[in-house]
Amino acid sequence: MKKITSIFLSLIAFNFAWSQEQSFQTKQEQIIEKAIFYAEEEEYLKAALELERVNENDSSYFDIISSASYYFLLAEEYNKCIELCDKGIKHSTTTSKHYFYLNKIAALSRSKENKKAIETATLALEVYPKSYSLLFNRAISLEETGDIIGAINDLKTSIQINPFHEKSHLRLALLCSKQNQTAQAILCLNTYLILNPESEYSSNILSLANEIASRRSPSNEKPIQQIDRKEHTSELQSRGHL
């Protein structure tokens, strides 16, 4: 009788645990569905806040908060983005910390805290030395602090690691043009167009290449301003959970 009672209680416990797990999964699915809806509507702050509701004990928690940090970044809530990234960098054992580093550096850069962004990128590159995205992001902040040569070196290394990273070619072209490195600038612009022939900014880039070649506009400010800023700003990354 005791054995039967023990089996019966075990079954009850199993059914209860299964029921709780199903309820937990359903709640998480609802949170993710709402976040996807908000993101598609470009309500990035609502998407990020929704994802923050996920239980910390969930096995995919750090995947999800990496997406939340991405949406906080898009919503220009930089402090919240940095807070989540720091949490992921410190505690994540399942999700690559690379995602958190990239978003933190981008948030620091957009907050005009470029020295901190450079320090964070340098630290991250000790862990991920072959990350062209980290090099690209550090180059953005190096340029902002006036270290043009350092930025150029990072962009060249980024291209060596990944010759198909079109943003590195474009950014390098813009910096080389400012340094009067005409041949290098035109080569990079041509490579960018080869890699991204459907770019909506192709005409502006061609105009920039012509001006660099003819040296009519040493600063090249007008065509550069016409190129959308997203084409040469920090790399952002989401874990891809959503």
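User: What makes the meeting of the Arg138 and Asp154 side chains a salt bridge?

Analyst: The rule asks for a side-chain nitrogen of Lys or Arg within 4 Å of a carboxyl oxygen of Asp or Glu. Here the N to O distance between Arg138 and Asp154 is 2.7 Å, so the pair passes. Bear in mind that this is a predicted model, where local features need pLDDT of at least 70, side-chain atom pairs count only at pLDDT 80 or more, and totals for chains, interfaces and linings use all residues. Residues are numbered from 1 along each chain as its sequence is written, and side-chain values use heavy atoms, with hydrogens and water left out.

User: Why does that pair tie together parts of the chain?

Analyst: Arg138 sits in helix H7 and Asp154 in helix H8, so parts 16 residues apart in sequence are tied together. Helices here are DSSP runs of H or I with at least four residues, while strands are E runs of at least two, numbered from the N terminus. The protein chain has twelve helices and zero strands.

User: Are Arg138 and Asp154 buried or exposed?

Analyst: Both Arg138 and Asp154 are buried. That word means under 20% relative accessible area, with exposed over 50% and partly exposed in between (1.4 Å probe, protein chains only).

User: What makes H7 mostly covered?

Analyst: Eleven of the 13 residues in H7 are buried, among them Phe136, Ile140 and Leu142. Those buried residues pack against helices H5, H6, H8 and H9. In the whole protein chain, 46% of the 242 residues count as buried.

User: What links Lys178 and Glu143?

Analyst: A salt bridge does, at 3.6 Å from N to O. Lys178 is in helix H9 and Glu143 in helix H7, 35 residues apart. With a relative accessible area of 41%, Lys178 is partly exposed, whereas Glu143, at 15%, is buried.

User: Why are Tyr44 and Tyr71 called stacked?

Analyst: Rings of Phe, Tyr and Trp (its six-membered ring) pair if their centres lie within 6.5 Å; planes under 30 degrees apart are stacked, over 60 edge-to-face, and the rest tilted. Tyr44 and Tyr71 are 6.1 Å centre to centre with 5 degrees between the planes, so they are a stacked pair. Tyr44 is in helix H2 and Tyr71 in helix H3, so the pair ties together parts 27 residues apart in sequence. Tyr44 is partly exposed at 23%, and Tyr71 is buried at 10%. Ring pairs also bring Tyr70 into a cluster with these two.

User: What is the pLDDT over residues 2-20?

Analyst: pLDDT, the predictor's confidence in each residue from 0 to 100, stays under 50 over residues 2-20. For the protein chain, the mean is 83, and 78% of its residues reach 70 or more.

Note on methods. Contact = heavy atoms within 4.5 Å.
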